[in-house]
Amino acid sequence: MPVTAMREDRGFIEVNAQECKGCGLCVEACVQKVLHLSAHLNHYGYHPAEYDGRGCNGCGLCFYACPEPGALKIFKAVA
Amino acid sequence: MPELKVTHQKAECLYDSYERKGELTHQTHYCPGCGHGITMKLLAETIDELGIRDRVIMVSPVGCSVFLYYYFDTGNVQVAHGRAPAVATGLKRARPDSIVISYQGDGDLAAIGSAEILHAANRGELITCIFANNAIYGMTGGQMAPTTLLGKKTTTTPFGRDKIKDGYPLHISEVMSSLDAPVFVERVALGNTKQILAAKKAIRKAVESQVKGLGFSLVEVLSPCPTIWKQDPVEAQRFVREVMADIYPLGNKRDRTADAEPHPAPAPEPALSELPAILKLPKEPAPADAAPPNPREVDYRIKIAGFGGQGVLLLGQLLAEAGMDDGLAVSWLPSYGPEMRSGTSNCHVRLNNRPVDSPVVTRSNILIALNEPSLQKFVSLAEPGSLVLYNGDSIPAEFRREDLTMHALPFFELADEVGTAKAGNVVVLGALLEVTGLLPDETVDRAMARVVKGEKWLEIDRKALSRGKQAMAASLGKEAACHV
């Protein structure tokens, strides 16, 4: 888990690029605007969501917006 | 650097991989942006949170919701189109400790399944229905559903849904909340994350109300279908929020969870040993009394047909009972239905020295036709060389077959001579025994004494039986004489 990249961030998003269907609802839902659709295609021909790498506060809204049960995993800072 | 922990991930009650096809075992079958995946996720989270996974039985119907059993690692039953609430009723009643959740779309619940949901809700069944409403038949390619919005173009309303021709969008939650029994009914939407989080709360409350045993609960989820709506996922989400929610007002329609009394626990099932007494069955004969297996090679496939009221079914029952007493394996398959109202009636009887494989008699080797329509219907299915008994003075010429042994006798007139035409079926039995000797007389008499109710009738039937034997013997003698 690349936790070291976090610095001051309070959260982190792990996208399963092979599970993502590129619908973009997480990008729409993200208040911090730290998600985007990748320029690359995944195995199934979708542009999967990608975390910008910083700025996530771990709110989890993208998780609820995402229709794939296992495409996103959200981490949040402990207290 | 802050320490991070996982706060949101795939629910535990969902399988790690989905065994649907060889490929894509980690993806759902839903299209990108489909609301089903979100609803499923909310439901799965609720099941995890309440710790009820081992008790849950998901009931999935027909539509895009059909594949829940590939995703939910819980109990699963997949049912016929629209019937989820009916099956859920049975599951819950048979297993009161389980948490039964039906998950249906609008083409399923609001159309073909409208009767099932209405009555399950009205009975206040202790089940939870998750109703995904995307106002269209998605899986079949976009036909109009009862929930389709006015003016919406679909494959079956190419000029748009017209209120005069096609009616109005059906408001299921409002219909449900007009009933007395439901304890929790709410309409939620997946139009943005705020709405999604509200949907989560409603789903949790609905399932909780079942866990507490309070009563029927339903959550209607306004859900996007980007593919069939021909919108991109973000647009479809906006459509749910701004257009659908306007036609289908969101919010709670019924919440009696605070003051509803839990349903009383169902009475325990009676022990198997108590059933004969409850059903008032006579005591089973001790094993010593049971007839020993019959060593004869026997395979009688008997079809009995006539008008309703001629005693067709009773005749079959007498044969089966007597056969059983004779140590044969028997089956008796009556045909019920509209024929019970003075139409035609028939039953299939099998007598065999080996276990009977099927109670259905397709090709008979004994056909008993008590009227002409029955002879007409079944004579062509009689096996070559087999026996036909017909109620009449003679076999109608058009139904004669050279390869059959056919006897005609006016059974009901003969019965009338012994007291009542009602005993005509037993006259037939007498004639049948005479011509075939298929069962010993005393066995038949014993079975008759058991099956026929009342001394008076038994006496008449005994007379009828011997009248039948006598008449057949006379007829056989005459025929023999003719042949000579």
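Helix axes are lines fitted to C-alpha atoms over the stretch in contact, and the angle between two axes runs from 0 to 180 degrees between N-to-C directions. The model described here is predicted.

In chain B, helix α3 (residues 84–94) and helix α5 (residues 114–122) illustrate such a crossing. Their axes come within 7 Å and cross at roughly 40°. That angle makes α3(B) oblique to α5(B). The contact involves Pro85(B), Ala86(B) and Thr89(B) on the α3(B) side. Glu116(B), Ile117(B) and Ala120(B) meet them from α5(B). By class, this contact of α3(B) with α5(B) has four nonpolar residues, one polar residue and one charged residue.

Helix α12 (residues 312–325) of chain B has 14 residues. At 1.5 Å a residue, α12(B) should span 20 Å; the end C-alpha atoms are 20 Å apart, so expectation and model agree. This helix is mostly covered, with eleven of the 14 residues buried. Among the buried residues are Val312(B), Leu313(B), Leu315(B), Leu318(B) and Leu319(B). Glu321(B) and Asp325(B) are also buried. The buried residues of α12(B) pack against strands and helices of chain B. The strands are β9 (299–307), β10 (329–335), β11 (344–352) and β12 (364–369). The helices are α15 (424–436) and α16 (441–451). Just after α12(B), Gly327(B) takes a positive phi of about 85°.

An open sheet draws strands from chains A and B. Its three strands follow the order β1(A)-β4(A)-β1(B), and the pairing is antiparallel. β1 (11–15) of chain A and β1 (4–8) of chain B stand at the edges. Each edge strand has a single partner, so one side of each is left without a neighbour in the sheet. Neighbouring strands of this sheet are turned by 30° against each other on average, direction ignored. Within chain A, five bridges join β1(A) to strand β4 (residues 72–77). One of the paired positions links Phe12(A) with Phe75(A) in β4(A).

Two lysines of chain B have a positive phi without being glycine. For Lys230(B), phi is about 55°. Lys230(B) lies in the loop between α9 (226–229) and α10 (233–247) of chain B. The relative accessible area of Lys230(B) is 73%; a residue over 50% counts as exposed, so Lys230(B) is exposed. For Lys280(B), phi is near 55°. Lys280(B) is placed in the loop between α11 (275–278) and β9 of chain B. With 74% relative accessibility, Lys280(B) also counts as exposed.

Notes:
Residues numbered from 1 in each chain as written. Chains lettered and ligands numbered in written order. Predicted model: local features only at pLDDT ≥ 70, side-chain atom pairs only at ≥ 80, totals over all residues. Heavy atoms only, no water. Helix = DSSP H or I, 4+ residues; strand = E, 2+ residues; numbered from the N terminus. Parallel < 35°, antiparallel > 145°, perpendicular 65-115°, else oblique. Contact = heavy atoms within 4.5 Å. Nonpolar A, V, L, I, M, F, W, Y, C, P; charged D, E, K, R; others polar. Expected span 1.5 Å × (residues − 1). Buried < 20%, exposed > 50% of the residue type's maximum accessible area, 1.4 Å probe, protein only. Pairing = 2+ DSSP bridges.
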